[in-house]
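User: I would like a close look at one part of this model, and then its surroundings. Please keep it brisk.

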Amino acid sequence: MALAAITEPDRPWTRRSFTTRFDEGRTWLSNLFVDAGLSIRMDAGGNLIGRLDGRLSLPPIMLGSHSDTVPSGGRFDGAAGLVAALEVARAVIRSGQRLDHPLEIVDFLAEEPSDYGISCIGSRAMAGALSPETLSRTNKRGERLSEAIARVGGVPSALERVVPPKISAYLELHIEQGRVLENAGIDLGIVTAIVGIARVELILLGSADHAGGTPMNLRRDAGVAAAEIISWAAEQGVLQANSGRGHFVVTTGIIEISPNAANVVPGQARLVLDIRAENSGQLDEFVLLLDRYSLDAASRIGVKRDRFAIISRTDPTPCDAHLRDVLTNSAAKLGYKTTELASGAGHDAAFVARIGRSAMLFIPCLEGKSHSPDEWADPDAVAMGAATLYEAVRSLDIAGATNKTILESANQ
């Protein structure tokens, strides 16, 4: 709640990346890290990292999330993962039993969509996935992303030659952003995969005619063609979701009709569809089906499909099977009930998975609300997630140290 209070007063709860409020939140977190006994540093990508050294020379066990929000977003998206991760570090220190592995807590820079047209900036940077072209993107004021990263303490000039760090494991706690856990009365969710996302833009051209003088059989109504495509996508989405191939959703989130007047037949329609799937093949198959159906619908209604473009696409990211087992066993040890489910939203864990084993743990959120001022997670849910993370870290630490000892003995 203290972190959430660092917000734009007229838009709770808002702490956008690269803003003054974001900087204030980072300062608050830095002080909290230091007070807990962690050393802090900023990496080249502008990620704030707190570190608790281990007894052995091993790659760190990494925990983390993000402190930035969407406009008028929530108090728990990202923040719950950071607070839980910090509490794990505190619990390790309080136990008096030093880990063999170093433990690192990461506040990844700009996980949410930024003013530079890209999300997950910090985790992309850590994975070596920020190209010079991406770094040259500008916001509305003309500031380049590279300049913004430098402004928050990163070293963008070093990103072209960045060597991704070695890690033993990455675990991220997050609110579910859905209703599965709450509706089923289940304590925690073990994430199977982070969905792949395709965004498709469609432009339909008809004829803008008088709404009163143009007979129905002579119309070339781009709005009707758009409505058919939207309806088909929703119906097909249900079929795909029930196909047994994993999590699947489709949303027509942008609908623009021109000239958008009550007494004019729409002459143009623009749609942007957001398609998310746990199965990469299913994602591509749906885009192909949409391509075929939209052409057919346009032809039947007498309009032209002027544009069909995949404006972005990311692959699904499976969570590491071993880490999922560790999280499941850790929760069971504490008496918590778990289920497996996919993440329908993107997360930094997807990019961290490019450099090492990565997995996620979901906690329930009230009515599934997220990216909303009403976003809420029960304190007990956050505590259960933190306790499970702690058990998982202990388990990974023992196993990792044991494996190192076995390898060293074999080499001798």
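What is the relative accessibility of G117, and does G117 count as buried or exposed?

Analyst: This is a predicted model. G117 has a relative accessibility of 57%. The cut-off for exposed is over 50%, so G117 counts as exposed. G117 sits in the loop that runs between strand 4 (103-107) and helix 3 (121-126). Take L52 as a reference point: it is 65 residues from G117 in sequence. In space, the two C-alpha atoms are 34 Å apart.

Now the helix pair. Helix 1 covers residues 20-36 and helix 2 covers residues 79-95. Their axes come within 10 Å and cross at roughly 15 degrees. Angles under 35 degrees count as roughly parallel, and helix 1 and helix 2 are therefore roughly parallel to each other. The crossing of helix 1 past helix 2 is right-handed. On the helix 1 side, L29, L32, F33 and A36 make the contact. Helix 2 contributes L82, L86, R90 and I93. By class, this contact has 7 nonpolar residues, no polar ones and 1 charged residue.

Helix 2 itself has 17 residues. From first C-alpha to last, helix 2 reaches 24 Å, close to the 24 Å expected at 1.5 Å a residue. Its buried residues include L82 and L86, which also take part in the contact with helix 1. Just after helix 2 comes G96, with a positive phi of about 75 degrees.

A cis peptide bond joins P12 and W13, with omega about 0 degrees. F18 also belongs to the segment before helix 1. F18 is not a glycine, yet its phi is positive, at about 70 degrees. With a relative accessible area of 7%, F18 is buried.

Q177 is another non-glycine residue with a positive phi, here about 65 degrees. Its place is the loop between strand 5 (169-175) and helix 6 (180-184). Q177 has 22% relative accessibility and so counts as partly exposed.

The peptide bond from S258 to P259 is cis, and omega is near 10 degrees. P259 falls in the loop between strand 8 (248-258) and strand 9 (268-277).

Definitions and conventions. Residues numbered from 1 in each chain as written. Predicted model: local features only at pLDDT ≥ 70, side-chain atom pairs only at ≥ 80, totals over all residues. Heavy atoms only, no water. Helix = DSSP H or I, 4+ residues; strand = E, 2+ residues; numbered from the N terminus. Buried < 20%, exposed > 50% of the residue type's maximum accessible area, 1.4 Å probe, protein only. Axes fitted to C-alpha atoms, helices over the stretch in contact; angles between N-to-C directions. Parallel < 35°, antiparallel > 145°, perpendicular 65-115°, else oblique. Left-handed = near helix turned anticlockwise from the far one by under 90°. Contact = heavy atoms within 4.5 Å. Nonpolar A, V, L, I, M, F, W, Y, C, P; charged D, E, K, R; others polar. Expected span 1.5 Å × (residues − 1).
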